Amino acid sequence: MGEVAALRIEHLRKSFDKPVIRDLSLTIPPGQLYALLGPNGAGKTTTLRIVTGLLDADAGQVSIFGHDIAREPLAAKAVTAWLPDEPMLYDKLTPAEYLAFVAGLWRMDPRLAATEAERLLRWLDLWDQRDTRCEGFSRGMKQKVALAGALIHQPRLLILDEPLTGLDATMARAVKDALRAQVDAGATVIITTHILEVAERMADRIGIIADGRLLAEGTLDDLRALAGPDEATLEDTFIRLTAR
Amino acid sequence: MTRFAPASLPGLIAHNLRIGWRSNAKGGLRRKIVVGVLLAVFVAAGIGIALTLRNVPIGPSPAALTVMTLAALVMFTFGISQALSRAEAAIYGSDDLDLLFSAPIAPRVVLWSKLVGIAGTVLISEAFFVLPPLVPVIVLGHPALAGALLLLVALVLVATCCGLGVMLVIVRLAGPRAARSVAQVTIALFGGAMAIASQAIRFGGHAGRHNGFALVYGWARAHRFGQAGLGSLPARAGFGNPLAGLVVVAGALMLFAITGWLFERNFARAFQQAGQRGVPLLHRGAARSGLRARFTPSLVRAILTKEIALVWRNPQVLATMLLRLVYLVPMMLLLLQQHQFVLLPALVFAGVFVTTQLSGDLAWLVISGEDTPDLLTVAPVARATLRRAKLVVTMLMAAPLLALIALGLASRAPIMVVALVPLGLLGTATAAGIQLRLERPTPRKAFGRRTQGASILANMLVMVVALALGGAAAGLSFWLTA
């Protein structure tokens with residue numbers, strides 16, 4: 001029996017006023033950091049919102065670790081964390097209170113949740129601010145609290161939409177280290193980013209979508225080979241593929 | 001646009017008055033119609049009163065002086081409540097203070113423009129209630145009462161000074177984070193000052209069969225309140241005594257000037273402190289109890305803890321809740337002390353009505369007022385489970401109020417609790433059910449605007465349910481005791 005994919009998308013379709021996702025199929029094995037790239041309006045965020053259950057697909061199937069999100073949504077959600085570009089925070093709650101609420105939603109064992117919360121708050125350098133309301137935090141601090149919220153229930157699949165937007169270099173580095181650590185610990189991480197260097201340096205595999213379709217997918221070397229015989233950067237490859 | 005230079009004091013005053021006027025006049029056609037109808041009713045009542053009093057001599061008799069002083073006191077406490085609210089908004093909710101303080105304008109000019117702006121908007125609010133009945137009376141035979149207009153201006157000036165002063169003291173004592181909540185509680189207390197005063201007098205041993213305001217009047221007359229000495233100056237000014245009018249207005253203007261001079265630095269400091277809300281909580285009870293105590297496997301408890309924290313930390317929400325209680329509790333105490341047993345069903349009605357209304361507010365917060373609906377959607381919780389949990393949380397949050405009324409009622413008429421509790425719980429559940437049915441996730445900061453747009457229907461339904469269940473509860477309690 002083969003390994004169960006962390007995420008399997010088959011013939012996904014979604015339209016709003018016009019088609020946004022057109023027959024998208026994608027398989028992401030577990031234990032990888034996968035970068036989903038694409039120009040603005042390519043359908044990246046829509047795809048991820050369908051995967052996380054925030055949007056219903058018009059057609060197609062999505063499964064997370066073998067759990068179909070339409071038939072077994074709770075089982076799929078239990079192992080997934082979603083971190084959008086705008087952190088899902090309550091400004092009036094403190095980081096500790098926010099983590100307690102998220103842990104409650106995921107029905108974590110209180111003892112395990114408290115231990116994990118303390119570990120995350122210390123690791124993300126938020127321990128001294130654990131009783132400070134989020135309303136006074138910088139964007140980077142809020143992003144770290146949201147990341148702690150995403151990690152507290154120890155997800156097997158972590159999905160992040162533009163996680164580095166608006167972060168300074170130090171914060172961006174901290175978030176990248178955190179993501180790499182998750183992958184090293186066995187989790188699967190999917191990120192969308194416009195910063196191609198991030199995908200180039202961090203991702204084990206990269207998918208490029210445009211106009212709701214998967215244009216290319218593979219390791220960095222696979223994509224370079226697809227783009228042409230010369231020594232192309234990911235940026236060159238991306239521009240060549242999406243310009244077609 | 002104004003004809004004054006934008007950075008000048010008159011220009012900034014005109015700017016603040018315009019903003020104040022627009023924030024008073026904001027709202028859609030529905031609000032404009034309501035305000036128009038209210039105004040027409042006030043004017044019609046004013047003309048009726050004026051015609052009735054046309055040939056009645058009105059002068060500074062001892063009883064009239066007391067009445068005028070009490071009326072001035074009501075307007076004064078209302079003015080403080082309004083000024084405090086405006087000062088709080090100026091410090092915390094004003095989008096233009098960053099701009100004004102960063103512009104090459106002296107802080108003194110900014111403060112003065114805000115101070116006059118606050119006084120102007122308070123005056124507009126008070127004039128709405130006072131002018132329609134007062135002006136016809138002045139015009140139709142009692143020109144001396146024009147002094148009451150001057151008195152009103154003086155009261156507004158003094159109330160503005162007090163409001164700003166109280167706000168700055170609150171910021172100083174409570175700190176920038178708690179200041180807004182404390183301010184809202186204070187506003188509610190000032191707003192309900194007369195109701196609270198009537199209870200203070202009642203508990204001071206002046207019980208009787210009169211209502212709260214009659215009690216206050218009786219107490220004031222017995223103590224010759226506002227009839228002699230300096231204490232009679234406002235009332236005499238109101239009755240057109242020129243010397244008293246001059247003293248009152250000059251005194252108010254002087255106080256206004258001194259306030260501006262005294263608070264110049266403090267106002268800027270309070271504004272700067274307001275920007276430092278991201279400091280650690282002063283209240284570290286939760287921290288002392290350890291991180292582990294905050295975590296729970298119970299979905300209901302997780303939501304309840306979050307909602308209580310969010311309600312407690314949202315001054316606007318807290319104020320709305322408290323306002324309902326400030327006006328309910330004195331009424332409850334009053335009715336409970338009545339010797340006429342027959343009046344108790346009124347308390348049962350009020351209890352069910354207010355609990356259901358409060359539940360409507362809470363249900364909006366818990367169910368629709370969700371800042372991060374996506375977080376709840378991606379959580380591994382079935383929608384039905386989540387909705388059930390929110391229903392339970394709404395009922396749990398409203399339950400203490402119902403329990404309080406039930407306890408009070410049980411001391412006088414235990415049988416009526418049988419009518420109060422089930423119908424109160426039904427009202428709470430129905431209010432939450434209506435909100436669940438009409439749920440539309442909206443950012444919590446839209447709480448003040450929940451009576452507009454899609455929530456109108458929900459509010460109307462909750463109101464109808466509150467009235468119907470309140471009436472049913474009152475009828476049932478009457479029947480049970482008949």
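The dialogue below treats these topics one after another.

Author: Please keep in mind that this is a predicted model.

Reader: How many salt bridges does a search of the whole structure find?

Author: Side chains of opposite charge can pair when their charged atoms come close. Here, the search over all chains finds 19 salt bridges. One of them links Glu118(A) to Arg122(A), at 3.0 Å from N to O.

Reader: How many residues apart are Glu118(A) and Arg122(A) in helix 4 of chain A?

Author: They are 4 residues apart, so about one helical turn separates them. Glu118(A) is partly exposed, at 30% relative accessible area, and Arg122(A) is partly exposed too, at 46%.

Reader: Which residues form a nonpolar patch on the surface?

Author: The patch consists of Leu39(B), Val43(B), Ile47(B) and Leu51(B), which together have about 300 Å² of accessible area. Val43(B) belongs to helix 2 (residues 29-52) of chain B and is partly exposed, at 33% relative accessibility.

Reader: What of the largest cavity, and which residues lie closest to its centre?

Author: The largest cavity holds about 80 Å³ of space. Of its 13 lining residues, the closest to the centre are Trp82(A), Met88(A), Gly149(A), Ala150(A) and Leu375(B). By class, the lining has 11 nonpolar, 2 polar and no charged residues.

Notes. Residues numbered from 1 in each chain as written. Chains lettered and ligands numbered in written order. Predicted model: local features only at pLDDT ≥ 70, side-chain atom pairs only at ≥ 80, totals over all residues. Heavy atoms only, no water. 1 Å grid on protein atoms, 1.4 Å probe; cavity = no way out; pocket = protein on both sides within 12 Å on 5 of 7 lines; lining within 4 Å. Points joined across faces, edges and corners; volume = space filled by probe spheres on them. Nonpolar A, V, L, I, M, F, W, Y, C, P; charged D, E, K, R; others polar. Patch = residues over 30% accessible without salt bridge, like charges linked within 9 Å, V, L, I, M, F, W, Y side chains within 5 Å. Areas by Shrake-Rupley, 256 points an atom, 1.4 Å probe, with all protein chains shown as cover. Salt bridge = Lys/Arg side-chain N within 4 Å of Asp/Glu carboxyl O. Helix = DSSP H or I, 4+ residues; strand = E, 2+ residues; numbered from the N terminus. Buried < 20%, exposed > 50% of the residue type's maximum accessible area, 1.4 Å probe, protein only.
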